[in-house]
Each structure stands twice: as C-alpha cells, then as structure tokens.
Amino acid sequence: MDTEELVNKSLVKHWASWALVWLTIFPLVGLLISIKFHEPDFLGGISWLTFGRMRPVHVNGVIFGAFSTSFIALLYYYVPRLCGVRMYKEEWGWWLLWIWNAFVFLGSISFLMGYNSGLEAGEYEWPLNILRFIVLLLITVQLLGTIFRRKEKRFYVALWYTTAAFIWTLFNLILGNVILKYVEAFSGVNSAAMHGLYIHYIVGLWLTPAGLATIYYFIPVSTKNPLFSHRLSLLGFWSLAFFYPFVGIHHYLYSPIPHMNQTIAITTSMMLIIPVWAVTINFFGTMVGRWGAVAGGGGDNYGAKFLILGAIYYFLGCFQGSTEAMRRVQQLTHFNDFVISHSHLTVFGAMVVWTIGGLYYIWPRVIGRQLWSDRLASWHLWLTITGFTVMAVVLAAMGFIQGSMLEYGVNFVDTVKEMKPWWAVRSLAGLTMDIGFVLLVINFYKTAREGKPLEKEQETSLWAKDTPVQVEGAKGSWIETPSTVFLAAGVGFFSLAVFVQGIIPWLMPETRTTTVIDEVTKKPIQVSDYTPLELRGRQIYVREGCWYCHSQYVRPVTGESLRWGPVSQAGEYAYDFPHLFSTRRIGPDLTRVGRKYADGWHIAHHWNPRHVVPDSIMPSFPWLFEPVKGNETPQLNEDGKALVAYVQKLGTGIGDWREDFAPTHLASGVSLHMDPEERDQLVAYGKTVYERRCIGCHGEKGDSQGPSAVFFETKPRDFTRGIFKFRSTPGKDSLPTDADLFITVTHGLWGTPMPTWEEISERERFAVIQYIKTFSDRWKKEEVGVPITVTSESPVTLASIQNGDKLFHSKATCFICHGADGKGDGPLAAALKDVWNHSIRPANFTLPAGVQGGVKLGHDGEHIFKTVMAGVGGTPMPPFQGQLTPDEVWDIVHYEQSLRVKAHESELIAAGLRDPDRADALSRIWQSLSVSASQGKIEQAVLEQELAELKSEEGQMIQARR
C-alpha cells in the first residue's frame with residue numbers, strides 16, 4: 001500500500017489546526033503573565049487575571065494544549081507510516097479530538113475561576129483529569145493496536161519513545177491525579193517527594209520521549225538522510241528510561257526529604273548527560289552531508305531547521321538541568337529564574353520547537369499544497385531564534401545575579417527590584433516569539449488556501465546507516481521489541497523509581513512524624529493540626545496561586561536561616577496535604593511568616609501590596625474583602641480572614657523561636673558619632689530608604705498617615721512629634737538616642753505591622769534614623785539625654801521573683817493596667833489611650849513573641865529594665881527611675897519573665913513535652929531570657945517551684961475535664 005494512503009490526512013489536519021490555535025493562545029498568556037512581573041498592576045483587580053490564576057493556564061496550556069495537541073497530530077501521521085497499516089480504530093481520533101479540546105479549554109477556564117489542586121503541573125481537578133486520562137488511554141490503545149498489527153517488522157526508534165511516553169504518562173497520571181490527591185498517607189515531606197517524581201515525569205517521561213519520537217521520525221525524512229546511528233538510538237533510549245525516573249527530587253535539595261534520596265536524584269541527573277549526548281550526536285550525524293540542502297526553502301527544509309534548532313536547545317537545556325542538580329549550583333539558582341530558563345529551554349526550546357518542525361513537514365502533505373511563503377517561515381525561524389535565545393540567556397543570568405545577591409545578604413525585596421529591568425527584556429523576547437507564532441498561523445492558513453499543488457514524492461529510508469540488516473522480516477534484537485519497551489522501560493523502570501524515591505522515603509518513620517524539636521529548649525514536641533479556619537485559609541492560598549510565588553521550606557544554605565528563620569523540620573509538614581514546598585520565590589519564603597506581622601499588615605498587603613512594600617510585584621486581592629461603601633476602611637470577608645489565619649499559623653509549630661531571632665543590641669559596625677557633612681549625606685540616603693521601606697505606613701510627611709495605616713489596630717508612629725515608645729533616656733517622653741532607634745528598627749515591634757529590618761544593611765538602618773529625625777523640630781531644640789545605666793542583673797532567685805510580684809501589685813501598681821496575672825487585663829486597661837488619642841492595650845507578659853497584645857521588644861532583661869526605668873513614650877506608663885531602685889527593677893523584671901517562662905512551659909506541655917524533659921526545658925527557657933540564668937545564676941528552687949506549680953495546674957485541668 002502507498003504510504004500516503006495509510007494516513008487519514010483529514011484527521012491529521014484537524015488535530016494540527018487545533019494545535020495551531022493552542023500554539024498561539026497559550027504562549028500569549030505567558031506574555032501577559034510576564035508583563036505582570038515588571039508592571040504588577042497590569043490587568044489588576046480582576047480575580048480571573050491574577051498571576052496565580054493565569055500561571056497554570058500558561059504552563060498546562062503549553063504542555064497539554066500547544067505541545068501535546070501538536071504531538072498527537074504528528075502521531076496520527078507517522079505511526080501508520082512506520083507500521084505499514086492504518087491507525088487502529090482510526091475513527092476514534094475524531095471524537096477524541098473534541099474531548100481533548102474540551103479538556104484543554106475547560107481546564108483553562110477552571111484555573112481562571114480558581115479551581116486548583118495545589119500540585120504544580122497537576123492542578124486540574126478530577127472531572128478534567130478523567131477526560132485527559134480517557135483520551136490518552138484510548139490513544140494508547142490505538143497506538144498499541146497499530147503496533148501489534150504492523151506489517152513493518154522492525155520496531156523503529158520513534159515508536160520506542162512513543163510507546164514509552166504513553167505508558168509512562170498513564171502510570172504518572174495515576175500517581176499525580178489519584179495517589180497524590182486522595183491518599184493522605186502521602187502528606188508533607190512524602191507529598192513533596194512523590195510530587196517531585198510526578199512533575200518530572202510530566203517533563204521527562206511525557207514531553208521528552210514524545211519530543212524525541214518526533215525528531216527521530218522527522219529529522220531523517222526532512223533531511224532525506226538515513227538516521228546516523230542505530231546503536232546511539234539504543235543507548236539514548238535505554239539510558240533515558242533508566243536514569244530519568246529517579247531525578248524528581250532534585251528540585252527539593254536541602255529540604256527535609258531524606259538525604260539519601262536527594263543524592264540519588266543528583267547522581268541520576270548527572271547521568272542524564274549520557275542520553276543527551278547520544279541523541280544529540282545522532283541528530284547532528286544525520287545532518288552530515290545535508291546542511292547545504294537544508295539551508296534552502298520549502299516546508300521540509302524549514303521543518304529540518306526547526307528540528308535541528310530544537311536539538312541545540314535540548315542539549316543546552318539538559319546540560320543546564322544536570323548542572324542545576326548539583327548542590328552548590330542549586331544553592332544559588334534554586335527558586336529563581338535560572339530554573340525558569342531551564343524549563344523554557346527544554347519545554348519550549350526543544351519539545352515545542354520539535355513539534356513545530358514536524359508541523360512544517362506534515363502540513364503541506366496533509367493539505368496537498370506547497371508551503372505558501374518561505375519568507376514568513378524564515379521570519380518565524382529567526383524571530384524564534386532571537387526571542388528565545390535572549391529569553392533563555394536573560395533568565396539564566398537573572399538566576400545567578402539574584403542568587404549571588406541573596407547569598408551576600410541583600411534584602412529579598414531589593415533583589416526583586418533588581419530583576420525588574422531583566423523581566424522587561426524577557427517580555428520583549430516573549431513578544432518576539434509570539435509574533436513568530438502569528439506568522440506560522442498565517443503561513444499555514446495561506447498554504448491551505450493559496451499554496452501550489454504538491455507533487456508526489458518518494459519517502460526516504462529511516463533506517464540508520466549502521467543498521468546491519470535492512471531486509472523485509474528483520475525484527476531487530478529483543479531489546480528493541482514492543483514487549484521489552486512496554487515491560488522493562490514503561491513498567492519496570494517507572495515502578496522501580498517510584499519505589500526507591502517515593503515508597504522507601506515514606507517507609508522511614510522520620511518522614512511521617514508529627515514530632516519537631518523546639519527551637520528554644522531543643523526538646524521534642526508535637527505539631528498541631530490546622531484549625532477549620534486555617535484549613536480553609538490554606539485552600540484560599542492554593543486557589544489564589546500564592547504557592548507559585550512563595551516557597552515554604554527554609555534551607556540551611558545561603559543565609560536562609562538568618563533571613564527567614566530556623567531551618568525546616570520534617571514534622572512541621574505532617575498535616576500538609578498536598579505539600580506547598582514550591583519551586584519558586586518570586587516573593588519571600590513564608591515558612592516562618594507566622595507572627596512576623598500583625599494581622600493588619602497582612603490585610604493592608606492584600607488590599608494593595610505597593611502601599612505597604614512599594615517595590616512589591618504581588619497583585620492586590622480586593623475580592624478577599626467585603627464590598628466597600630463610600631470612604632469606609634475595607635474589611636476582610638470570610639475568605640480573607642481564613643487566609644490571614646493560615647498565614648499566621650505558618651512556622652509557629654517549632655516553639656517560640658522569635659524571642660532571640662532579631663537582636664536588641666546595637667551592632668558593632670555602626671558609628672553613632674559623625675560630622676555634619678556625613679549626617680547630611682545620611683539624611684539624603686535615609687530619605688530613599690524611607691520611601692522604599694516606611695512611607696506606606698508612616699506616610700510621606702512622617703505623620704502616620706500612610707495609605708496602609710487605616711488597616712492597623714496599632715497605629716504607626718507619628719514622627720512629627722518626636723515621641724517614641726522605647727528609649728533608654730530618662731524623663732517622660734524624652735528623646736531617644738540613635739542607639740534606641742536603631743534597636744527598634746532592627747528588632748521591629750512584635751504584634752504590630754512593624755517588622756524586623758535586620759535584613760537591610762546597618763548603613764540603611766542608621767540613615768533612615770537620621771531622616772526620621774527631620775520630621776520633628778524637637779531634635780533641633782532639645783538635647784538627647786544621657787542613657788540610663790543598666791546595672792548588672794542580679795541572680796534569679798525565689799526571693800527576687802517574690803519581691804517583684806509584691807512590687808508589681810503594690811508600689812509600682814503595674815497590675816492596674818497589666819492585670820493581676822500580667823495578661824494586660826487590668827482595671828484601667830480598656831480605657832487607656834496614647835497622646836494621639838488612640839486606644840492602646842497594656843502588654844500581656846505571658847504571650848509568645850509576635851502575638852498581638854504581647855510585649856513589643858522582647859522578654860529579655862535589659863529591654864524590660866530600660867522600659868520600666870524610662871517608661872513607654874506617648875503612653876500612660878510613667879518612668880520609674882527615682883521611684884524604684886535598680887535592684888527592685890530587676891526583681892520586677894524577673895517576675896515578669898517568670899510569667900512568660902511558666903506560660904512558655906505550659907505551651908510546650910500542651911504540645912507534648914515529655915515529663916523527663918520538663919526540668920531541663922524550664923531551665924533553657926530561663927537561659928533564653930535572662931543573662932543571669934544563662935550564666936548559671938539561677939536558684940534551683942525557682943525551677944522546682946515553677947515545675948510544682950505547673951504540675952498542680954495540669955492536675956487541676958485534668959480534674960476539671962473529668
């Protein structure tokens with residue numbers, strides 16, 4: 001039978017036509033997303049058009065719309081020709097096309113509506129997953145039915161890859177759409193490990209073999225040259241089939257996933273150099289002697305040009321991917337645009353470009369007309385080369401730049417600001433590529449309408465030059481038979497990899513634990529599950545695509561534990577289903593964001609991020625708020641409240657770690673004495689710092705009237721009056737020293753929207769202090785007093801605590817505001833106002849760091865001593881210098897600390913602190929707050945009495961529950 005009669009050209013044409021539609025639409029969506037990086041308000045205010053809703057449309061649309069539709073069209077062309085028979089159940093292809101298009105279209109709409117499963121490249125919900133699975137399953141039946149009915153006995157290499165791609169993908173869809181979504185045993189760390197496999201199987205076991213099948217068929221026929229080497233084909237296929245299934249976890253290096261599995265992923269990633277080299281040499285070898293001919297025009301030659309271009313990008317992208325898996329490289333490049341460069345090089349640069357090459361070859365043949373315009377094809381080619389090369393290089397460079405900046409301690413937002421010009425270049429590059437797609441569609445349309453009739457041709461032999469036998473009936477070796485490919489590559493290696501990289505980690509108890517090590521006491525405790533409100537907030541977090549921009553694991557490299565907080569522990573993720581580790585940090589990591597800011601900061605940030613952080617590229621989320629009437633302050637709706645509750649939960653499962661995270665002492669590198677010229681320079685620099693960091697809350701005039709201030713319960717400081725809460729200088733509302741302001745800026749104020757600014761340089765902090773002082777003329781009229789002398793802390797004894805208790809409730813009358821138990825609920829608490837007539841609440845000394853209503857600068861002794869002595873500026877709390885002796889103040893300090901120590905121990909007991917660990921835990925808590933305790937100057941009776949009191953309280957609670 002004539003090979004032309006084997007192909008249902010009408011079916012191929014319809015699949016290819018829809019491929020052109022998706023090839024135009026989904027890259028365009030990518031361009032719109034790209035613009036949002038440097039113009040964050042572009043298409044803003046509409047829930048359907050945010051980055052988090054549009055990104056899965058682009059990613060999944062390119063994979064399953066643009067690429068997969070093209071590949072299936074090509075499959076219906078080359079499989080019958082390689083097998084010598086018409087496609088099995090050929091008529092299925094018509095209704096499968098419409099089911100597939102329904103899946104692609106409805107899936108995209110579902111993402112825009114906010115339906116998202118939270119698994120990258122697996123975001124589709126179950127009805128759409130079923131449609132996808134049905135289509136791919138039935139095409140697999142068509143494929144295998146055709147193969148096992150074939151008349152051509154030799155099983156050509158393109159069919160190896162095609163068969164493996166469908167078998168692997170069917171298994172992978174079960175892994176990603178069933179196990180990962182519905183088997184809750186695979187939660188937390190194990191969810192991440194399994195998902196690492198799934199997402200890489202989409203790329204390496206669907207896109208890659210499908211793309212290689214495409215080029216292995218079309219490079220010989222378009223160049224009219226036999227394949228260079230059959231042996232290299234065997235080496236490339238079997239090395240890919242063996243090594244690639246193990247690489248998935250390499251995106252989660254330095255995570256709590258077992259180190260052994262990370263190392264296996266790194267090793268197999270490096271071994272992928274073997275199949276990459278093998279297939280690349282094979283492709284270029286096939287071109288030998290045909291470079292001159294391919295340089296001409298016509299659909300075949302442009303097909304060959306795109307195919308060889310894709311081979312170049314494939315080699316570069318895979319080499320990049322292997323090096324990216326190395327630990328040192330990943331320290332710098334993970335979470336940033338280097339990863340995006342790699343994914344674009346492989347997915348678009350290789351796979352999509354290969355299918356475009358195939359379409360250039362088949363379109364004239366299924367239409368029966370010659371390609372309409374060589375010039376448009378040439379423009380398409382060079383626009384693709386120019387635009388995509390610029391994009392790939394720019395993204396890779398951005399990765400190294402941002403990674404190096406972060407490694408050297410640059411503030412995260414500063415790195416984002418640095419990336420904006422580069423992102424603009426990426427958008428221009430993407431626009432260039434999209435214009436090329438438009439030219440492709442025009443050319444193909446005109447070919448169908450006006451192209452010259454195509455003359456019948458003789459097909460070139462596909463068999464490699466080193467194939468020893470090319471006679472009818474030759475079957476080849478057992479290693480290249482359909483059964484071997486199906487069982488060994490399709491089933492065997494896939495199952496082995498899932499067992500080694502997915503099941504074995506799950507079998508390890510440490511990956512399924514709810515136990516973590518408390519950061520303060522270093523004792524094991526249990527993490528708590530999410531509340532219904534927090535769980536709803538997590539669903540909103542997934543729906544809005546927050547996890548595309550924010551990672552949720554802290555690595556022990558590149559200073560992440562200094563920037564974000566303590567390194568992640570496996571037990572923290574026990575209740576995360578699915579995991580939200582993420583592979584990207586367009587925004588900061590959120591593992592430890594809980595209690596970093598007050599709720600009001602998050603509310604303002606979701607209303608308009610650039611009011612809070614001017615350099616932010618996060619979209620606003622007005623649909624998380626109730627409808628605004630007139631000039632009313634926007635209020636969160638139920639979804640918004642749930643999201644804030646979820647965010648405030650993050651990172652709080654490992655204990656009260658914030659207590660010592662940001663120091664409250666002056667850094668040694670800052671000079672507090674300067675000449676007038678130096679001060680003027682700092683003021684000018686401080687203004688730029690203020691406008692980038694502070695203006696959204698404190699306002700342009702420093703009068704606390706920033707656009708975000710309306711959302712805050714604790715109002716920002718009004719700098720125009722020169723009154724500050726925390727000082728070391730004596731007297732009511734005295735001016736603070738630069739060191740006092742430096743401490744506040746560095747540490748932040750817990751339970752308020754004021755975060756720690758330790759991450760920015762000391763010079764920036766000191767400069768902004770000089771600028772802040774220009775808002776009030778007090779600094780010109782008054783002298784800053786001599787700081788209070790902080791005497792050496794007395795030993796922590798029962799007598800000291802008891803005397804502090806007595807002073808707290810009598811001489812100092814602290815209880816009137818702070819309450820009898822120090823919980824901020826004294827008789828006058830509700831009526832207190834500051835000098836700006838804002839309602840304020842006294843500190844609750846029992847609350848953990850960062851909880852709203854607790855202390856602002858910590859429970860450490862020096863800070864409390866200075867606060868008692870100097871009072872709290874602008875509030876009813878007076879200075880007690882002269883009324884209390886230093887020893888009496890230290891007694892009050894120890895009493896207030898004892899309130900927090902007992903509350904902290906109670907929290908740990910509630911979290912499962914074991915009885916044998918309680919005494920040591922109590923001692924460590926004291927050491928974290930008190931210098932004397934850390935030096936061993938704590939009376940054993942203090943610990944014994946507090947343990948006895950806790951035991952008694954615990955017994956009473958048990959009795960009450962009965």
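Q: How many helices and strands does the secondary structure of the protein come to?
A: The model examined here is a predicted one. In this model, helices and strands are both present in the secondary structure. The counts are 34 helices and two strands.

Q: What is the radius of gyration of the protein, and why does it agree with a compact globule?
A: The protein has 962 residues, and a compact globule with that number would have a radius of gyration near 30 Å. The value for the protein agrees with this expectation. Along the principal axes, the C-alpha atoms fill a box of roughly 110 × 60 × 50 Å. The radius of gyration of the protein is 33 Å.

Q: What percentage of the residues of the protein count as buried?
A: A residue is buried when its relative accessible area is under 20%. Applied to the 962 residues of the protein, this criterion gives a buried share of 62%.

Q: Is Ala849 buried or exposed?
A: Ala849 lies in the loop between helix 29 (815-818) and helix 30 (861-870). Its relative accessible area is 1%. Because the limit for burial is under 20%, Ala849 is buried.

Q: How far apart in space are Ala849 and Leu32?
A: In sequence, Ala849 and Leu32 are separated by 817 residues. Taken from C-alpha to C-alpha, their separation in space is 41 Å.

Note on methods:
Residues numbered from 1 in each chain as written. Predicted model: local features only at pLDDT ≥ 70, side-chain atom pairs only at ≥ 80, totals over all residues. Heavy atoms only, no water. Helix = DSSP H or I, 4+ residues; strand = E, 2+ residues; numbered from the N terminus. Rg over C-alpha atoms; globule rule 2.2 N^0.38 Å. Buried < 20%, exposed > 50% of the residue type's maximum accessible area, 1.4 Å probe, protein only.
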